[in-house]
Amino acid sequence: MQKSTRQDQHSRPAVSDLIAQKKKNRTVGSTLEKLVPGILFGIAAVSIITTVGILLTLITETVLFFQEVNFFSFFTGTELKPLGQNAVFGVLPLLTGTLISTAIAMLVAIPIGLMTAIYLSEYASEKARRILKPILEILAGIPTIVYGFFAFTFVTPLLRSFIPGLEPTNILSPGLVMGIMIIPMVASLSEDAMSAVPNSMREGALALGSTKLEVTWKVVVPAAISGIIASFVLGISRAIGETMIVTIASGSSKNFTFDITQSMQTMTAYIVEVSGGEAAAGTTLYHSLYAVAMTLFVFTLVMNFIAQYISRRFREEY
Amino acid sequence: MTVLTGKANAKTNNLSASTGSETENKKIVYNTKDLNLWYGEDHALKNINLPIHENEVTAIIGPSGCGKSTYIKTLNRMVEMIPIVRISGEILYRERNIFDKNFQVEDLRTRVGMVFQKPNPFPKSIYENVAYGPKIHGIRDKKILDEIVEKSLKGAAIWNEVKDRLNENAYGLSGGQQQRLCIARALAIEPDVILMDEPTSALDPISTLKVEELVQELKKDFSIIIVTHNMQQAARISDKTAFFLSGEVIEFAETDKIFSTPSDKRTEDYITGRFG
């Protein structure tokens with residue numbers, strides 16, 4: 001057998017000879033082979049080291065801040081006056097600003113995002129899906145500064161035309177626009193989760209006489225619920241961390257209020273304002289940046305843990 | 001001709017004559033008239049005429065791609081999920097044309113249950129799987145649901161295996177148990193007909209045997225149409241057999257007759273294993 005193939009193709013050496021020849025040159029290759037895991041580990045370590053570095057800086061500066069400001073009064077203080085002689089640092093105005101803008105954003109993003117996902121995954125024709133998905137991705141790719149500008153120069157004036165008491169800078173308008181920004185994220189992740197539900201389950205439900213709506217709500221959505229909730233939680237994370245939109249459209253008044261027609265400041269916007277101003281290193285004002293950043297970090301970290309927990313806890317195995 | 005199965009021997013030939021006369025009195029549950037079906041340009045079913053009687057097991061056999069699965073999926077209109085399908089002719093279910101605009105497809109599927117090739121329970125508890133059908137059809141009373149779940153699971157011969165774990169996820173069951181759960185799910189809405197599309201092709205021999213025994217039991221209360229690529233299975237469990245080839249019904253007769261004295265040369269070639 002071997003002999004005959006050699007004769008058939010005597011214009012070139014046999015494959016086994018070629019492989020044997022190649023084997024002789026293996027030494028350089030094998031050294032590289034041994035080095036690769038180390039090199040890759042080093043590259044992978046870059047992001048870990050960076051994270052640890054950021055965290056350490058945050059912690060040390062935050063500790064310094066709490067040597068100057070009482071921990072308890074920081075988290076329960078409703079007054080925030082970082083400038084001047086009698087500076088008061090209470091984080092509650094920033095917390096309410098962040099939570100209210102996030103809540104408004106999610107009130108927009110969750111229903112619209114979920115409905116969009118349901119339409120795309122269950123109802124849209126192949127053609128509609130091909131057109132709509134890229135549009136969603138474009139929406140996700142718009143820089144947040146553009147959204148901020150849009151909130152300030154378009155949405156706020158529009159809202160003011162029928163909400164007379166609305167201030168020129170307010171939390172409502174950036175909240176709504178943030179919601180629009182987060183729709184693609186919720187829609188796309190939820191759609192992925194729903195598309196991953198095997199068709200055999202839809203068939204099983206249809207064969208029992210379910211309508212399309214019943215299949216969607218009672219079989220597909222429950223089967224995809226872990227992915228759907230994870231998309232909500234990631235959306236919340238995104239809203240908490242969002243900076244540009246609220247900085248531009250919500251102003252910088254540090255009111256402790258629940259009135260959404262008023263200007264409020266979020267944690268992120270505070271960081272922008274103070275770091276953009278003249279906070280000399282080592283001052284309490286400067287340290288307050290880190291304390292707020294730390295609070296923000298803990299918030300988003302907790303949200304991510306919740307997302308992970310939920311996707312494990314509610315995963316419907318199939 | 002070589003006789004393939006133990007059942008199809010001379011003795012049972014006499015029996016087949018008597019079953020033949022019996023079926024004359026049975027009502028027709030599904031009557032297919034001049035059915036043609038195309039997938040785009042592909043003519044998948046050609047002039048199908050097939051009367052199916054109630055309280056019988058009708059087996060549909062044939063080589064891969066002969067249209068047997070397409071046919072059974074046409075009976076509850078699941079085939080229309082594929083957008084390029086075109087259908088002509090009619091299928092009468094209890095004398096009503098299933099393609100009639102006034103015949104809601106949901107109503108048809110409430111009367112005609114289906115069991116699929118691969119077990120496809122919902123990712124819910126065993127209880128919720130069975131209760132799903134009654135629930136979507138408006139049964140909310142917990143006591144009634146409990147009764148339905150128990151009766152259906154017993155009917156599908158799986159009650160003893162799952163009665164202590166009704167609230168566990170259905171995907172913790174073995175493949176054979178999942179398939180019987182799917183049968184229980186279909187039974188829960190008390191259908192008239194049960195369509196089975198190669199229900200044992202993904203199961204091991206013991207689970208297959210259990211499902212086959214179950215089919216024999218279910219025949220008392222339901223009309224069953226079963227697609228199978230396993231000829232021994234058709235011979236073991238069915239009363240009548242239709243042999244499909246290239247989208248046509250080549251032969252349709254009592255199972256005993258098909259397997260002992262087929263009238264068409266192609267049927268004989270297929271069941272003796274000359275092709276397919």
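The following conversation goes through a predicted model of two chains and asks how its descriptions are reached.

Mentor: Residues are numbered from 1 along each chain as its sequence is written, while chains are lettered from A and ligands numbered from 1 in the order in which they are written. Since this is a predicted model, local features need pLDDT of at least 70 and side-chain atom pairs count only at pLDDT 80 or more, whereas totals for chains, interfaces and linings use all residues.

Trainee: How do you know how confident the predictor is in chain B?

Mentor: The pLDDT is the predictor's confidence in each residue, from 0 to 100. Chain B has a mean pLDDT of 88, and 91% of its residues reach 70 or more. Confidence is highest in helix 4 (residues 126-136) of chain B, at 96, and lowest in helix 1 (residues 10-25) of chain B, at a mean of 45; helices here are DSSP runs of H or I with at least four residues, strands are runs of E with at least two, and both are numbered from the N terminus. Over residues 1-21 of chain B the pLDDT is below 50. Where pLDDT is low, the predicted coordinates should not be read in detail. For the model, the scores are ipTM 0.86 and pTM 0.82.

Trainee: What makes B:Thr74 count as buried?

Mentor: A residue is buried if 20 or more other C-beta atoms, placed from the backbone, lie within 10 Å of its own, exposed if 12 or fewer, and partly exposed in between. B:Thr74 has 24 C-beta neighbours inside 10 Å, and therefore counts as buried. B:Thr74 lies in helix 2 (residues 68-75) of chain B.

Trainee: Which residues is B:Thr74 in contact with, leaving aside its neighbours within four places in sequence?

Mentor: Two residues are in contact if their C-beta atoms, placed from the backbone, lie within 7 Å. With those neighbours left aside, the contacts of B:Thr74 are B:Leu35, B:Leu37, B:Val79, B:Ile87 and B:Ile91.

Trainee: Why are strand 1 of chain B and strand 4 of chain B said to pair?

Mentor: Two strands pair if DSSP finds at least two bridges between them. Strand 1 (residues 28-39) and strand 4 (residues 85-93) of chain B are joined over eight bridges in the antiparallel sense, and B:Asn36 has B:Ser88 in strand 4 of chain B as its bridge partner. Strand 4 of chain B also pairs with strand 5 (residues 96-97) of chain B, again in the antiparallel sense, over two bridges. These two strands form a hairpin with two residues between them, and B:Arg94 in the turn has a positive phi of about 50 degrees.

Trainee: What makes up the side of chain A that touches chain B?

Mentor: The contact takes 17 residues from chain A and 20 residues from chain B. On the side of chain A, helix 9 (199-207) and helix 10 (212-223) are the elements that give two or more residues, and the largest share, six residues, comes from helix 9 of chain A. By class, this side has seven nonpolar, five polar and five charged residues, where Ala, Val, Leu, Ile, Met, Phe, Trp, Tyr, Cys and Pro count as nonpolar, Asp, Glu, Lys and Arg as charged, and the others, Gly among them, as polar.

Trainee: How is chain A divided into domains?

Mentor: Domain 1 covers 16-68 and domain 2 covers 80-313 of chain A, with bounds that come from an automatic or database domain assignment. Their C-alpha centres lie 34 Å apart, and six residues of domain 1 of chain A are in contact with eight residues of domain 2 of chain A.
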